[in-house]
Structures are given as structure tokens and as C-alpha cells.
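Here's a quick tour of a protein model. Have a look at the sequence and the 3D view, then read on.

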Amino acid sequence: MGSVVRCDRYPYVTGSSVLGIKYKDGILLASDTAGCYGSTVRYKSVERLKRIGDNTILGASGEISDFQAITNLLDELITEDWMWDDGNKLGPFEIHNYLNRVMYNRRNKFDPLWNSLVLGGIKKGKKYLGMVSMIGVHFQDNHVATGFGNHLARPIFRDEWKEDMTLEEGVKLLEKCLLVLFYRDRSAINKFQMANVTEGGITITEPFALKVNWELEAFRNPTKGAEGSW
Amino acid sequence: MSTIGTGYDLSVTTFSPDGRVFQIEYATKAVDNSGTVVGVRCKDGVVLGVEKLISSKMLLEGSNRRIHAINRHAGMALAGLAADGRQIVTRARTEAANYLSFYGEDVPIKELSNRVAHYSHLCTLYWWLRPFGSSSIIGGYDIDGPQLYTIDPSGVAYRYYGAAIGKGRQAAKTEIEKLRLAQMTCREGVMAVAKIIYGVHDESKDKSFELEMSWVCDESKREHQRIPSDLLMEAKAMARDAQEDDLDAF
């Protein structure tokens, strides 16, 4: 009875960064499969990349339960769209707009869905890659990242991303950034997934690990340059 | 056939002395006057077909859909008043979506049919509502296999191997009974349904018609979809040839 006044909630089980790049034939998304419960890496098989319909993929960082709620909403949306059977299907631009509306309206009620969403897709040759944040900020770009990815991966993207990369080049670039995130982000694990969307369809890889090298010079004396650290 | 229910037919909340509710029977007449709808349950799925009577040459082909998807695994074909049918489809879709949201699995066809029947029946209980002038044939594929149900304006759901409603239902039922449905695949079912509908179409009484068909079967990955256009063309051609053969036989 009556309306519940909700204050800013706290995220409980969170996912770390999601990375996304455009390449020649479509979009690539990558993330690890960790679900952290505060500072504990509690769940190690959380799939944070989901397919939406036939031509869009969604990756989320932040509260995992909110991500599940979002995918439920999108499943209902896609099924309803499918039932029209009129030769038209919701594409990535439409879903981006829908998600933006959802996130922004929740934020206005002081009850946000605590996620940073990365959406990628391709429809009728037009590629799309964008982001929607938990406060409803949304934009599109050639490469996006959430969370720590913004600080660690995007500088690498800015240097090394180029127009019309091949799939191999794109995967290599993402793997480089995933590795950096694993080294430097304490909530990342060495178990990743990559999602690829092209005109031909969507593939999401099985979880894979990357080769790490802890013998790098920078790891030898980690507190060397840190003033006042113990 | 025609009965006069003088005085007892003014309201759906009135019984006649011989225990009939005339308003419901009149609603059923609306269904009986519409184009034939046929459904068959084959061994690997369900096929639905509708004789869509074309009222005007100006109508765009493929418009005024009579078969609607209720969920991915179920579809509904309608006979009777189109607007009433649309309402039933909307309700069925809501019920299916709610069930999925609540229980986390696709609504079983039996449950879906029960809910649609319940809704149809609801409208026969109050004097300020009128019964739906629309019957529906639900075809779906769930964990218990392919199933076919019919719901009429009185709010009764029956499960069938083969069903027909609308104008040509008597002739259609006779044809369906000749089929060996348990051994037929859906591809064969498509041909059979097309042939039946072309057969029951009365050229003298009604002008032209458009055949609309759909299926839920193993071949369609248990999803409700319109018959692929090449198969539909093949079925139409076969059905037309079969009619010409019958005419030649005279």
C-alpha cells in the first residue's frame, strides 16, 4: 500500500569491464566471467554477454541481478516483436533507444538498474556499437568500454583501433586489452568470453583463458615507484 | 436449424425453458458464417489453414491476418468476427507472457487453451457483456508433443486430432476424417489442408479467397511460423489441380 520510497541501492554481485569494438564485418564484444561479491571473486562462470534477437549482442558490467532483469525485459520485447511477423525486426538502434529509456526512467525514480550496458549489432549493413550507463547517459562510438576498461583499454583502443580491421586483428586487440585488465583489475579473472555479431549471425565463444606472464619487469618490484607505500 | 427463442434470447444471462442460452448460440452462428478454418495434428506437429474470404479486390494480399502467434511455440487461427478474434489473441498473448514470466517456462498448450476458454466463458456470465462472436483453433507444440484445441464462444475447449470451424466445416470434417493423421508428417499435412480448404470453398456463393497457413513442427524447430512460401505455392498448386481433376470427373 502506498509507494515505496527507494534510495540509491547498492550493488551486491557485480561484473567488471565489458569491451566492444567495431570491425570490418561487424562488432566484437568481450568480457570476463567473474561475479564479485564485494572484494571476493565469488562466482567465476557468470555469462555477461547475451544475444538479443538475431542481430544484437548485449554486455553488462555492474549488478548481475539487474542485468538478468534487463535480459528478461529484452526477451519479452523480442518475443513480442517476433510475433508481429511482418518482415521487420527490432535492430540494435531500436534496442539502444529502448534501453536508454528504461535506464533513464529508473534513474529518475532514484531506483537505478546498476549496470553499464554495451550494445552492439548490425542491421542491413549498418553497424552499431554503443553504451548506456546507469544514469541514462548513452552514446555510440567505434570502440567502447565500461568500468576499468575505460581507463585501461580505451587508451589502447585510441592508439591501435583502425577502421575495417579483420576479425583476427579485432580479436587480437581485444585479447591484448583483456590481458591488461586481468593484470591490473583486481576483480577480473583469467576466464573470458567474446561475442561476435555479423550479418550472418551471432556467435558467443565458450569461456577461454589467456596466457599470462608474471615475469614482466613491471611486476618485479611492484611498490618501487609508489611514494609512501609499504 | 433456425430456432426462435422468443423472449429468452434477449440476454446472455437468461436460460430458455429447454436449458439453452440463445445468445451463445447466436454468437456461434457468427462463427458459422465466416470462412472455414482447419487444423490438423500430424505426428510431428500441427498445421493450421484459413480460407480468408476476400471482400474487396482492393485488399492488399497478406493483410488481415487470421493466424497469429501466441508465443513462439503456439499459434491461433480465428473464425468469426475479426475484431472479437483480435481481442482473444491479445488476451492469449498476455496469458502466455504472464505464464512464462511467472513460471519460467513456456505455457503448456492445454493451460493456454484453458485460459482462453475461461476468458471466453467469462463474457457469457454478465448481462453487460456479450459473448465473443469468434472461435479459435490453437495449435502448439510443448513438452507433451503437438496439440490442437478449439475454443468456441460458449467457453468450451476441446482437444482434437483434426478440427474445422466456419462455413465449410461439415465438408472439411468429412475430409479430415479420411486422413491418417497419426502417420502424416506436417509437410503432407500442409498439402492435405490446402486441398481441403480449396475443396470446401464454394465458388458460387463467395468470390475469391486467400489461403493462409501456418505450422508448428519439428521442421520449424517447434516454433510457430507461416508456411515457407515455396511450400505454400506448391500446396496451392496441388490443391488447384486436385479441384480441376474433380471437376473433370463430372
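Between chain A and chain B of this predicted model, the salt bridge count is 2; a salt bridge here means a side-chain nitrogen of Lys or Arg within 4 Å of a carboxyl oxygen of Asp or Glu. Local features need pLDDT of at least 70 and side-chain atom pairs pLDDT 80 or more, while totals for chains, interfaces and linings use all residues, and side-chain values use heavy atoms, leaving out hydrogens and water. Residues are numbered from 1 along each chain as written, with chains lettered from A in the order written.

**Where the chains meet**
- In one salt bridge, the side chains of A:Asp85 and B:Arg226 come together at 2.9 Å, N to O.
- On the side of chain A that touches chain B, you'll find 4 nonpolar, 1 polar and 2 charged residues.
- Contact (heavy atoms within 4.5 Å) links 7 residues of chain A with 10 residues of chain B.
- The two chains bury about 740 Å² between them, 49% of it on carbon and sulfur atoms; that's accessible area (1.4 Å probe) lost when the two parts are put together, summed over both.
- A:Trp82, A:Met83 and A:Asp85 supply 76% of what chain A buries against chain B, more than any other three residues.

Methods. Nonpolar A, V, L, I, M, F, W, Y, C, P; charged D, E, K, R; others polar.
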